[in-house]
Amino acid sequence: MALVYVDARNVLRSRWPNVPEEKLVRRAQDWAERHGHEVVLVFDGKAPPGAVGSGRESADDWLIREVPQHPGAWLVTSDRALREAAGSSAARIIGGGGFLGELEK
């Protein structure tokens, strides 16, 4: 089992038309259940049900603070700066578009 942190806005915007928030949450939860993972989708500000909102800080700042506290966690984002800041402790880094493709299988 892996703990998978997802930069939700980055994934939503990885394809046009953008995936609706609730659809992303549902697909990610289904994917996590099928593969035995725990998924944490992080949205800037307020989040839809089943996801985490970053409140007054950005989702990037939330992930930069949180991901290193969980060595071995996976990070899903295509944001280079976020990958550099939070990805050094991640066991695996997955691009937003690649992750969205996995959810559609």
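The model is predicted, so local features need pLDDT of at least 70, side-chain atom pairs count only at pLDDT 80 or more, and totals for chains, interfaces and linings use all residues. Residues are numbered from 1 along each chain as its sequence is written, and side-chain values use heavy atoms, with hydrogens and water left out. Helices (H or I, at least four residues) and strands (E, at least two) are DSSP runs, numbered from the N terminus.

**Nonpolar cores**

- A nonpolar core is a set of buried Ala, Val, Leu, Ile, Met, Phe, Trp, Tyr and Cys residues joined through side-chain atoms within 4.5 Å; buried means under 20% relative accessible area, exposed over 50%, partly exposed in between (1.4 Å probe, protein chains only).
- The largest nonpolar core has 21 residues, and Val 4, Val 6, Leu 24, Leu 41 and Phe 99 touch the most other members.
- Two or more residues of this core come from each of E1, H1, H2, strand E2 (38–43), E4 and H5.
- H2 gives the most to this core, with five residues.
- A second, separate core has 13 residues, among them Tyr 5, Trp 62, Leu 75 and Leu 82.

- In helix H5 (residues 96–103), the buried residues are Gly 96, Phe 99, Leu 100 and Leu 103.
- Those residues fall within an arc of 100° seen down the axis of H5, so they line one face of the helix; the arc is that of the directions from the helix axis to the C-beta atoms.
- The axes of H2 and H5 come within 9 Å and cross at roughly 70°; axes are lines fitted to C-alpha atoms, for helices over the stretch in contact, and angles run from 0 to 180 degrees between N-to-C directions.
- Contact (heavy atoms within 4.5 Å) is made by Leu 24, Arg 27, Ala 28, Trp 31 and Arg 34 of H2 with Phe 99, Leu 100, Glu 102 and Leu 103 of H5.

**Helix H3**

- Helix H3 (residues 59–66) has Ala 59, Trp 62, Leu 63 and Glu 66 buried.
- Seen down the axis of H3, these residues fall within an arc of 95°, so they line one face of the helix.
- The cover over the buried residues of H3 includes E1, E2, strand E3 (52–53), E4 and helix H4 (80–86).

**A cis peptide bond**

- Trp 16 and Pro 17 are joined by a cis peptide bond, with omega about -5°.
- Pro 17 sits in the loop between H1 and H2.
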